[in-house]
Amino acid sequence: MENQTREGDMLLLEGLKVTPQSSIPAFILLLLIYIFIMVSNISLVVLISTERSLHQPMYLLFCNMSINDAFGVSTIIPRLLSDAFTPISERSIRYIDCVVQAFASHFHAGTSHSVLMVMAFDRYVAICNPLRYATIMTLRMVVRLSAGAWLAAFISVAILMGLSIRLSRCRRVIFNPFCDNASLFKLSCESLLYNHIYGLGSAVLILGSSMCSVTLTYLRIALVCLTGKNKTLNSKALQTCGTHLAVYVIMLTMSFTPMIIHRRPEWADSGKVASILFFVIPPLMNPVIYGLQCKELRLKIFSVFHRNRFKDGKSFHK
């Protein structure tokens with residue numbers, strides 16, 4: 001009886017489909033990408049936390065994105081790495097672990113949208129209402145907005161996963177590189193009406209509110225900058241907003257690409273690879289884009305490297 005229960009709790013996970021000859025190159029590539037994402041994002045969080053001159057709302061809000069990116073990639077890549085040399089027919093995962101991974105992946109996606117909406121609001125206040133910026137975007141407000149962004153995503157995903165784990169299971173194979181909500185409810189033979197209604201409704205609400213709020217916010221910002229008289233400030237504001245928009249467009253592209261590809265059966269395997277890119281490309285690009293485009297952040301990064309090289313030079317001469 002115990003063995004039957006244990007077998008019922010085990011699922012077969014397809015994982016990343018690569019040929020045996022490609023296993024080592026794929027493993028090395030994923031490992032290097034994972035290390036770069038973790039080091040770059042965590043380093044930015046540490047830099048912003050330790051440098052008092054960077055204790056500004058924009059950079060503090062950016063810490064949310066870096067933490068979320070490090071969290072998101074850690075929910076997917078380590079599992080793919082651990083299964084890289086395991087034959088597809090032997091890859092297994094416990095049901096509870098699959099649920100945790102599905103929850104974490106959707107939580108990361110939801111938080112990505114909500115954090116970028118908060119960052120767009122911060123730029124809106126800074127550019128369209130600069131005289132009141134300091135009184136509106138206080139440390140307390142930044143904490144409230146950050147907590148609200150994470151909490152909204154958490155509640156939305158908790159309901160989504162609750163609807164899936166209530167279902168009984170009649171299958172035990174996950175035809176996906178990782179566990180997500182769709183993979184879980186496809187294990188059931190029961191009616192999935194409520195799952196589809198809530199899943200579609202929440203996706204439309206999150207994507208719709210995200211796209212509308214960001215679009216309207218930056219249109220308003222662009223209008224203010226184009227009609228403003230201070231060319232230097234307007235140029236700086238547009239550059240900062242361009243950085244945010246680049247990050248947002250990359251995230252949206254990575255969100256919609258798997259949805260489009262999945263509609264073509266002959267592109268099924270490509271769609272599975274594309275679904276991983278959402279957890280890889282934005283976390284890979286975000287620290288690079290912000291580090292290079294934000295002047296204050298770029299100068300601090302260079303000063304830290306210069307300081308470390310100077311210390312190493314002194315210790316070498318000693």
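Me: Which cysteine forms a disulfide with cysteine 98?

Reply: The general idea: a disulfide is a covalent bond between the sulfur atoms of two cysteines. Keep in mind that this is a predicted model. Here cysteine 98 is bonded to cysteine 179, with the sulfur atoms 2.0 Å apart.

Me: Where in the chain do cysteine 98 and cysteine 179 lie?

Reply: Cysteine 98 is in helix α4, residues 95–128. Cysteine 179 is in the loop between β3 (173–174) and α7 (181–185). They are 81 residues apart, and the pair links distant parts of the chain.

Me: What is the handedness of the disulfide of cysteine 98 and cysteine 179?

Reply: Read the torsion about the S-S bond. For this pair the torsion is about -110°, so the disulfide is left-handed.

Me: Is cysteine 98 buried or exposed?

Reply: Buried means under 20% relative accessible area. Cysteine 98 has 0% relative accessibility, so it counts as buried. Cysteine 179 is buried too, also at 0%.

Me: How many disulfides does the structure hold?

Reply: The structure holds 2. In the other bond, cysteine 170 and cysteine 189 have their sulfur atoms 1.8 Å apart. The torsion about that S-S bond is about 90°, so this disulfide is right-handed. Cysteine 170 sits in the loop between α6 (139–165) and β3. Cysteine 189 sits in the loop between α7 and α8 (193–227), 19 residues apart from cysteine 170.

Me: Is cysteine 189 buried or exposed?

Reply: Exposed means over 50%. Cysteine 189 has a relative accessible area of 55%, so it is exposed. Cysteine 170, at 41%, counts as partly exposed.

Me: What is the pairing of the bonded cysteines in sequence order?

Reply: Number the bonded cysteines along the chain, then read off the partners. The pairing is 1-3, 2-4.

Me: In which sense do β1 and β3 pair?

Reply: Check the direction of the two strands. β1, residues 10–13, pairs with β3 in the parallel sense over 2 bridges. β1 and β2 run antiparallel, joined by 3 bridges.

Me: Now the rings. How many aromatic pairs are there?

Reply: Two rings pair if their centres lie within 6.5 Å. The count comes to 8 aromatic pairs. In one of them, phenylalanine 27 and phenylalanine 85 have ring centres 5.2 Å apart and planes at 40°, so the pair is tilted. Phenylalanine 27 is in helix α2 (residues 23–50), and phenylalanine 85 is in the loop between α3 (57–82) and β2 (92–94). The pair therefore ties together parts that are 58 residues apart in sequence. Phenylalanine 27 counts as partly exposed, at 24% relative accessibility.

Me: Which residues do ring pairs link into a cluster?

Reply: Follow the pairs from ring to ring. The cluster holds Phe71, Phe103, Phe107, Trp150 and Phe154.

Me: Which charged end sits over the ring of tyrosine 95?

Reply: Here look for a charge above a ring. The charged end of arginine 169 sits there, 3.8 Å from the ring centre.

Me: Which residues does the "transmembrane region" annotation cover?

Reply: Take the record's spans, then check them against the model. The unreviewed UniProt entry gives residues 24–48, 142–165, 197–219, 240–261 and 273–292. Residues 142–165 are 100% helix, with end C-alpha atoms 34 Å apart. Residues 197–219 are also 100% helix, and their end C-alpha atoms lie 32 Å apart.

Me: How many helices and strands does the protein chain have?

Reply: Finish with the totals. The chain has 12 helices and 3 strands. Of its 318 residues, 43% count as buried.

Terms used: Residues are numbered from 1 along each chain as its sequence is written. This is a predicted model: local features need pLDDT of at least 70, side-chain atom pairs count only at pLDDT 80 or more; totals for chains, interfaces and linings use all residues. Side-chain values use heavy atoms; hydrogens and water are left out. Rings of Phe, Tyr and Trp (its six-membered ring) pair if their centres lie within 6.5 Å; planes under 30 degrees apart count as stacked, over 60 as edge-to-face and the rest as tilted. Helices (H or I, at least four residues) and strands (E, at least two) are DSSP runs, numbered from the N terminus. Buried means under 20% relative accessible area, exposed over 50%, partly exposed in between (1.4 Å probe, protein chains only). A charge sits over a ring if NZ of Lys or CZ of Arg is within 6 Å of the ring centre and within 35 degrees of the ring normal. UniProt positions are given in the numbering used here, feature names are shortened, and annotations may be inferred rather than shown by experiment. A disulfide is a pair of cysteine sulfur atoms within 2.5 Å. Two strands pair if DSSP finds at least two bridges between them.
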